[in-house]
Amino acid sequence: MQTCVVIAWVAGAEKLKTKSIALGAMYSAFSVLLLTLSVTFGDDMFFLMLSSLLIAFVTDHLGYKTGIISYFTVLTLSFAFFALRPAVIEFAVIFGPYTLIRSFVSKRTLSNIILRWLTLVALSLVAYEILKVFVGIQENYLKVVTIVLAAVALFLYERLVEFSLRWHRRFIKRISGTER
């Protein structure tokens with residue numbers, strides 16, 4: 001928790017409210033916990049995607065500045081604990097930045113959905129090249145099939161983020177008492 005506050009202060013977020021920093025730190029702690037579960041279970045994608053959802057919740061609910069601070073907090077702690085594990089690299093290059101970039105294109109039109117998906121695919125290609133260097137991914141004969149399945153999985157992840165954000169907004173309204 002102290003790490004989150006120190007990073008927030010260093011990042012120039014002294015104008016953030018204490019409540020925003022505390023909530024961002026709690027979301028960051030849960031995100032690090034889910035990344036830990038992902039690494040523990042052999043770089044499991046399910047927990048990796050769940051950990052990135054928490055960054056999307058922070059960005060959506062508390063603002064872009066708190067989302068960036070939360071992302072860098074999770075990134076710092078995950079690299080400190082797990083170094084260059086594939087799950088950490090994927091979080092750092094694909095899922096973390098995507099949840100931040102996604103907040104700029106938040107309207108639900110077909111062109112925005114396609115733009116978000118293409119952004120996700122581009123980030124994934126960058127992560128693939130990085131993983132090839134650091135982890136030593138071997139080329140196989142089913143590369144085209146793998147790419148198609150990955151594109152479908154990324155599209156489903158994009159939809160998961162969209163529906164999770166809708167649920168989170170309704171949940172926050174319900175517990176804050178603005179919706180009865």
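Asp60 counts as partly exposed, at 31% relative accessibility. In this predicted model, the side chain of Asp60 meets that of Arg169 in a salt bridge, with 2.9 Å from N to O. Asp60 lies in helix α3 (residues 45-62) and Arg169 in helix α7 (residues 143-176), so the pair ties together parts that are 109 residues apart in sequence. Arg169 is likewise partly exposed, at 33%.

**Salt bridges**
- The structure holds 3 salt bridges, including the Asp60 and Arg169 pair.
- Glu158 and Arg159 meet through their side chains in a salt bridge, at 3.2 Å from N to O.
- Glu158 is buried at 0% relative accessible area, and Arg159 also counts as buried, at 17%.
- Glu162 forms a salt bridge with Arg166, with the closest N and O atoms 3.4 Å apart.
- Glu162 and Arg166 are 4 residues apart in helix α7, which means a separation of about one helical turn.
- Glu162 is buried, at 3%, whereas Arg166 is partly exposed, at 24%.

**Helix packing**
- Helix α2 (residues 18-40) packs with helix α5 (residues 86-102) at an angle of about 140 degrees, and their axes are 9 Å apart.
- The two helices, α2 and α5, are therefore oblique to each other.
- Ser31, Leu35, Ser38 and Val39 of α2 meet Ala87, Val88 and Phe91 of α5.

**Helix α4**
- Ser70 is in helix α4 (residues 64-82) and is buried, with a relative accessible area of 1%.
- Beyond residues up to four places away in sequence, Ser70 touches Gly24, Ser28, Ile55 and Val58.
- Phe79 also lies in helix α4 but counts as partly exposed, at 32% relative accessibility.
- Phe79, Leu84, Val133 and Phe134 make a nonpolar surface patch of about 410 Å².

How values were computed: Residues numbered from 1 in each chain as written. Predicted model: local features only at pLDDT ≥ 70, side-chain atom pairs only at ≥ 80, totals over all residues. Heavy atoms only, no water. Buried < 20%, exposed > 50% of the residue type's maximum accessible area, 1.4 Å probe, protein only. Contact = heavy atoms within 4.5 Å. Patch = residues over 30% accessible without salt bridge, like charges linked within 9 Å, V, L, I, M, F, W, Y side chains within 5 Å. Areas by Shrake-Rupley, 256 points an atom, 1.4 Å probe, with all protein chains shown as cover. Salt bridge = Lys/Arg side-chain N within 4 Å of Asp/Glu carboxyl O. Axes fitted to C-alpha atoms, helices over the stretch in contact; angles between N-to-C directions. Parallel < 35°, antiparallel > 145°, perpendicular 65-115°, else oblique.
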